[in-house]
Amino acid sequence: MNFDTFFNQQLNRLRKNGNYRIFADLERCNGSFPKAARHTEGNTQEVTVWCSNDYLGMGQHPKTQAAMHDAIEKCGAGAGGTRNISGTNHFHVLLEKELAGLHGKEAATLFTSGYVSNWSALGTLGARLPGCHIFSDSQNHASIIEGIRHSRAVNHIWKHNDVKGLEYQLRETDPDVPKIIAFESVYSMDGDIAPIADICDMADQYGAMTYLDEVHAVGLYGPHGGGISERDNLAHRLTVIQGTLGKAFGVMGGYITASATLCDFIRSFSSGFIFTTAIPPALAAGAMASIQHLKKSDLERQRQRNNVKTLRDRLDSIGIPYIKNDSHIVPVMVGDAKKCKYISDLLLENYGIYVQPINYPTVPEGTERLRFTPTPLHTPEDIDRLITALSELWSQCALSRACRLDAYGRGVYKTFCT
């Protein structure tokens, strides 16, 4: 077999369908977020980033940076090993205590990323609980899906946010088998929010564990940044709350919080924890500083919400369709892979605006979009430039206006024109 020929055929198919991903060579400008320098073959262009998951700009906050600098001075660059073999630094211990406190849990366990924490924790729970059945929301993240696959547990997929459908599946399952309900609080592509209280009711009724992914909510919701579960006073009803340090907290890493026994169980049996080098102490220190700041400061969250509302109001004023939701995510719907990439390319080349096109397989075909994430640091001038650019490109691509989009079924959208 000519392996490179096969690889190129597959890549060319992606290009033909408009789904081939090109990485922008960006250099974040410290102190100027959301500005970045884009590098292209000897040229440099200043761009405004509109799709960052550094939702609150904490990756460049003075407290975050100062903590990381201090930790490097104290500990050096790396952790020096796995957590089991010389790699547990005092900053890891302090951060795990901080995360447990954030979510009102007994303990926390750190991982190298949010992806790894889902893959490792669900993979371990599903595999080690005898005869386990996992009930997974149909729009769960790839990391949750991979964790369930890795576990080889019986997998039940329930229609997105459909509690009645979940109940039917729970009712039809042997009451004596261990059960886990895995779902997210904020879904990153549509921006909708799970009915957490209703899901917890189902878990109580049918004796299931609850596993909540809060990666797109930690830092952003609740009086202390504990996520939707803190905002709605539900954290105590959840068995496991999982999160990331790489989005609103602005650094890198993932974690779970739960009872001390469950965290010890994962720490003791999860290959994704046991056999990988620990995150550098500086990352742990920076994350801890970010969390501590956002526990006390609501300024960043309020400014972000104001900018989210402003962007939505401005999109409404020019008739650009987006999915309405109760979160901070603004998915502008294009519905065509090639046009989505074309608009993204022109925004970058001609307007200095960077937003990545979201195409299949991240979202279903026909629901391609530009996913905007306004931050507290986007200025009114940034929003003006974005709205002007989108209006011009919408006309150039002959896309419909004056429409609103409602979610319908499994990620399929019907357009209702006014």
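Student: How many aromatic pairs does a search of the whole structure find?

Tutor: This is a predicted model, in which local features need pLDDT of at least 70 and side-chain atom pairs count only at pLDDT 80 or more, while totals for chains, interfaces and linings use all residues. Residues are numbered from 1 along each chain as its sequence is written, and side-chain values use heavy atoms, with hydrogens and water left out. Rings of Phe, Tyr and Trp (its six-membered ring) pair if their centres lie within 6.5 Å, and planes under 30 degrees apart count as stacked, over 60 as edge-to-face and the rest as tilted. On that basis, the number of aromatic pairs found in the whole structure is four.

Student: What is the geometry of the pair that phenylalanine 6 and phenylalanine 7 form?

Tutor: Phenylalanine 6 has a relative accessible area of 35% and phenylalanine 7 one of 45%, so both are partly exposed (buried means under 20% relative accessible area, exposed over 50%, partly exposed in between, with a 1.4 Å probe and protein chains only). Their ring centres are 6.0 Å apart with 65° between the planes, and the pair is edge-to-face.

Student: Why is the pair of phenylalanine 265 and phenylalanine 269 classed as it is?

Tutor: Both residues lie in helix 10 (residues 260-269), four residues apart, about one turn of the helix; helices (H or I, at least four residues) and strands (E, at least two) are DSSP runs, numbered from the N terminus. Phenylalanine 265 is partly exposed at 27% relative accessibility, and phenylalanine 269 is partly exposed at 39%. Because the ring centres are 5.0 Å apart and the planes stand at 50°, the pair is tilted.

Student: Which residues touch the most other members of the largest nonpolar core?

Tutor: A nonpolar core is a set of buried Ala, Val, Leu, Ile, Met, Phe, Trp, Tyr and Cys residues joined through side-chain atoms within 4.5 Å, and the largest one here has 56 residues. Helix 12 (281-296) is one of the elements that supply at least two residues of this core, and helix 12 gives the most, with nine residues. The residues that touch the most other members are Leu95, Ile181, Phe183, Ile196 and Leu245.

Student: What is the strand order of the open sheet of three strands?

Tutor: Two strands pair if DSSP finds at least two bridges between them. Four bridges join strand 11 to strand 14, and two bridges join strand 13 to strand 14. Strand 11 (330-333) and strand 13 (357-358) are the edge strands, each pairing on one side only. With antiparallel pairing, the order is 11-14-13.

Student: Which residues of strand 11 are buried on its two faces?

Tutor: In a regular strand the side chains alternate between the two faces of the sheet. Both faces of strand 11 are covered, and the buried residues are Val330 and Val332 on one side, with Pro331 and Met333 on the other.

Student: Where is glycine 319, and what separates its C-alpha atom from that of arginine 401?

Tutor: Glycine 319 has its place in the loop between helix 13 and strand 11, and at 9% relative accessibility glycine 319 counts as buried. Although glycine 319 and arginine 401 are 82 residues apart along the chain, the separation of their C-alpha atoms is 4.6 Å.
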